[in-house]
Amino acid sequence: MKSLGAYLALWLQGLLYALPFVVVLLLAGMPYWPFPQLWPGWSFQAWSLLWGGSDNVVPAFLHSLVLALSVGALATLGGFLSSRALQQGQLGGWARRWAYFPFLLTPVIYALLLQYFFTWLGWGGSLGGVLLAQLFITYPFAFLFFQGFWTRRVQDLENAAITLGAHQGQVFWRVLWPYARPALVTCFFQTFLISWFEYGLTSVIGLGKVPTLALAVFQYLSEANPALAAAAGLLLIAPPLFLLWLNKRILLTAAVYEV
Amino acid sequence: MKFEVRDITKHYGQQPVLRGTGLSLKARRCLSILGPSGCGKSTLLKVLAGLETAESGRILFDGQSLEKVPARRRGLVYLSQEPLLFPYLNVFENISFGLRLQKRPAQEIRQRTGELIEALGLEGMSEKMPAALSGGQRQRVAFGRALIIHPRVLLLDEPFGALDAQTRSEMQKLFMQISSREGITSLFVTHDAREALVVGHQWAFMEKGRLRQYETTAAFMADPATGLPQEMRFWQGLQEEQKQNQDPI
């Protein structure tokens, strides 16, 4: 049973988390509060400007969604497969060392290094180029993420399936894939978030030609337009919250197989 | 029908693990292999199952050579000390796993799995997930999963080693009962001499990568290397001591 102090601390923590959201909601829906009115007035002007108005963010939202879903799926799958290759001795230890390289630099510095090559190859300023650049960060992240997955236990489960008659494909789809599902979902969610909120790499490689929601929010902030920034900010947090809700059993509990 | 292993050798680095190991096993019989930890018992079973490779030696089933046959086609199922169930499958799905790999008809899968669940004393647990089972129940499921595909030889690597004494005894009885009913040929590795005697029809002792097989039960029990004569002397001595203490003065 929790003590009163613990309840209060919990409530305080919740309040601290919730307050920024309340402020963003107020800014997005009640931008005007002239003196001497007691309550601010409702206005959906920011929303109408964002949805099809002069500040239409629908293309940016779709770009962000395509990028984050593709980056999340490709990085997770690539990281899963290549970490398995490392575990099976098909990759040298150099692969693990190189995987840390992107994290030694900040994304913006890394983007400046990449920009030269992307421009030279003609990939700068394109959706494909931004996707590839984001994979340069998320794929090593996923590769390192799965290092801890390939334990002796996984090998033993594979062996159990093999002696029962499973071929390589069956081992992958009937043993590894379902066993790894919680880790795969977690990794997808994290790489999705990296891509979804990515700013520096996207702006440098995208050359301003690939609008994303994160870039739009920063733009409204730099224009000192809090109502638009708040409305776009709410759009920005909606998909991650939806994904979190969709996979709450895995992401919000310790859904690890230990039997 | 006969299972034969001849002159298997294997090293881990410079360290020899199996030194010309050989054995012979008749169909529908269980060969108990007794040996201390680290003597090479588990490695031998893994080599036979095709999960590890030996440097030399022969593995013959009914005269057919199995060394080059991939693990999945050998029909030698390896059962480890830990039950190693698929944690995302329930009891029914775990037991029927091998039949699903073989793409058997749904009706056959239902019938055979149902029968085995009953024989294993797991009625009413079909829908349970492994995390909800006790150690003994998990080992029953693992046993059923191995049995359902009718393996040529079942390789049991101290399967009841992690269970408490009572459950272990129950599992030994269940193993003998089902093995006899299904006509299973098996290699049963253990470091418990009593267990070796209880479950086996043939016996062997393994030490430092070498295996010695005995012709008779008496020969196995008389070999000081197994520790059995010493243990019997201990119990006999204890019995005599108790008798003397009970005698009126």
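Predicted model: local features only at pLDDT ≥ 70, side-chain atom pairs only at ≥ 80, totals over all residues.

Me: How many bridges join E1(B) to E2(B), and which way do the two run?

Reply: There are 9 bridges between strand E1 (residues 2-12) of chain B and E2(B), and the two strands run antiparallel.

Me: Which residue of E2(B) stands opposite Phe3(B)?

Reply: That's Leu25(B). Another pair to look for is Val5(B), whose bridge partner in E2(B) is Leu23(B).

Me: Which way do E3(B) and E9(B) run?

Reply: Strand E3 (residues 30-34) and strand E9 (residues 202-207) of chain B run parallel, joined by 4 bridges.

Me: Then how do H6(B) and H7(B) cross?

Reply: The axes of helix H6 (residues 135-147) and helix H7 (residues 165-182) of chain B come within 11 Å and cross at roughly 15°. Therefore H6(B) and H7(B) are roughly parallel to each other. Their crossing is right-handed.

Me: Which residues make that contact?

Reply: From H6(B) you have Gly135(B), Gly136(B), Gln139(B) and Leu147(B). H7(B) brings Thr167(B), Glu170(B), Met171(B), Ile178(B) and Glu182(B). By class, the residues of the contact of H6(B) with H7(B) are 3 nonpolar, 4 polar and 2 charged.

Me: Now chain A. How many helices and strands are in there?

Reply: Chain A has 13 helices and 0 strands. Its C-alpha atoms fill a box of roughly 80 × 65 × 30 Å, taken along the principal axes.

Me: How far apart are the ends of H3 in chain A?

Reply: The end C-alpha atoms of helix H3 (residues 58-87) of chain A are 43 Å apart. At 1.5 Å a residue, its 30 residues should span 44 Å, which agrees. Just after H3(A), Gly89(A) takes a positive phi of about 80°.

Me: And how do H6 and H7 of chain A cross?

Reply: Helix H6 (residues 107-121) and helix H7 (residues 127-145) of chain A have axes that come within 11 Å and cross at roughly 130°. That angle makes H6(A) oblique to H7(A). The crossing of H6(A) and H7(A) is right-handed.

Me: What do they touch with?

Reply: Pro107(A), Ala111(A), Leu114(A) and Phe118(A) in H6(A) meet Gly129(A), Ala133(A), Phe136(A) and Ile137(A) in H7(A). The contact of H6(A) with H7(A) has 7 nonpolar, 1 polar and no charged residues.

Me: Why would a helix use residues three or four places apart?

Reply: An α-helix has 3.6 residues a turn, so residues three or four places apart point the same way.

Me: What about H9(A) and H12(A)?

Reply: The axes of helix H9 (residues 168-197) and helix H12 (residues 226-246) of chain A come within 11 Å and cross at roughly 175°. That makes H9(A) roughly antiparallel to H12(A). Phe189(A), Phe192(A), Leu193(A) and Trp196(A) in H9(A) meet Pro239(A), Pro240(A) and Leu243(A) in H12(A). By class, the contact of H9(A) with H12(A) has 7 nonpolar, no polar and no charged residues.

Me: Last one: how many residues does each chain give to the contact between A and B?

Reply: Chain B gives 21 residues and chain A gives 16 residues. On the chain B side, the elements that give two or more residues are helix H2 (71-74), strand E6 (76-79) and helix H4 (97-101) of chain B. By class, the side of chain B that touches chain A has 16 nonpolar, 3 polar and 2 charged residues.

Definitions and conventions:
Residues numbered from 1 in each chain as written. Chains lettered and ligands numbered in written order. Expected span 1.5 Å × (residues − 1). Pairing = 2+ DSSP bridges. Contact = placed C-beta atoms within 7 Å. Nonpolar A, V, L, I, M, F, W, Y, C, P; charged D, E, K, R; others polar. Axes fitted to C-alpha atoms, helices over the stretch in contact; angles between N-to-C directions. Parallel < 35°, antiparallel > 145°, perpendicular 65-115°, else oblique. Left-handed = near helix turned anticlockwise from the far one by under 90°.
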